[in-house]
Amino acid sequence: MTTGTVVITGAAGGMGRPAAQRFAAQGRPLLLCDLDPVRLEALAEELRPAAGKVDILAADIAAEDFPARIVATLGGAPISALVHTAGLSPTMSDGSRIFSVNYDATERLVAGLLPHFAEGGCAVLISSVSAYMLGDPALLAAIREFVTTGKRDGIAGYMDHPGMAYAISKRAVIGIVERDAPAFGARGLRIASIAPGFIATPMGNAEAEANEQLRKMIDIVPQGRMGQGDEIASVAEFLCSPAASYVSGVDIRVDGGIIGLLNTKGSGQ
């Protein structure tokens, strides 16, 4: 197994916390990142008996110096894994802020941490099934162009709509994974993303409460329920393990089958 520190963002949240618990159980050193220092320290205290060394960084992932602060906190220790769960959902802010946190901050984080990974390491990002609900070919092409060139013309008009900004940001996160896989591979590293479906975290529950259409979709999930944060964490753990040594540049849906169902219905079958 790759030696080094596991960096987890959104560590006190509904997906970050179970991820931290899983890596701590392996005895891996951790750097837990989130906004609230009190919640972070409480989690760190819980995990230290198993993990040993657990550091915390209370900071805003959207701050431009966030990647540099992670590197400074590591103090020269290499990164064995990044599990980047921090982000904003549609009801949490305006569209521009959502996009800035979910995409711009993620791109800076990946670029800033890439040189500091130990060989064999893996970065795991969080996308969303919302990314698969964007069907307009012109918009999908504009997102690809944005990820490749940085040109925002084709997506700028959607930034006033939090739901669209969210979905576009998550589709663009998948684009980061696909775009950056060669750079990671050249260093003996991997990068992948997980697309959660409807997950019963505080954030997911709040979205469901605020959105009737979302509640109707939850009712037709083939697995018959919302997912749990640990069901995302378990996939992140797999992706960061030697068992996933040939998995890179890909997004993995963990959605209870909802996108497959919608695709089937959309094709008229």
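Two strands count as paired if DSSP finds at least two bridges between them, and strands themselves are DSSP runs of E with at least two residues, just as helices are runs of H or I with at least four, both numbered from the N terminus. With that in hand, let's walk through the structure. This is a predicted model, in which local features need pLDDT of at least 70 and side-chain atom pairs count only at pLDDT 80 or more, while totals for chains, interfaces and linings use all residues. Residues are numbered from 1 along each chain as its sequence is written, and side-chain values use heavy atoms, with hydrogens and water left out.

Start with the sheet. Strands of a sheet pair through backbone hydrogen bonds, either parallel or antiparallel. Here, seven strands form an open sheet in the order S3-S2-S1-S4-S5-S6-S7, with parallel pairing. Strand S3 (54-58) and strand S7 (250-254) sit at the edges with a single partner strand each, so one side of each has no neighbour in the sheet. Ignoring direction, neighbouring strands are turned by 15° against each other on average; axes here are lines fitted to C-alpha atoms, for helices over the stretch in contact, and angles run from 0 to 180 degrees between N-to-C directions.

Look next at S5 (residues 117-126) and S6 (residues 190-196), parallel strands joined by five bridges. Val124 is found opposite Ala192 in S6. Helix H2 (residues 37-51) touches S2 and S3, and its direction makes about 165° with that of S3. Helix H9 (residues 229-239) touches strand S4 (79-84), S5, S6 and S7, making about 165° with the direction of S6.

Now turn to a pair of helices. The axes of H3 and helix H4 (residues 95-113) come within 8 Å and cross at roughly 35°. Phe66, Pro67, Ile70 and Val71 in H3 meet Arg108, Leu109, Gly112 and Leu113 in H4. By class, this contact has six nonpolar, one polar and one charged residues; Ala, Val, Leu, Ile, Met, Phe, Trp, Tyr, Cys and Pro count as nonpolar, Asp, Glu, Lys and Arg as charged, and the others, Gly among them, as polar.

Note on methods
Contact means heavy atoms within 4.5 Å.
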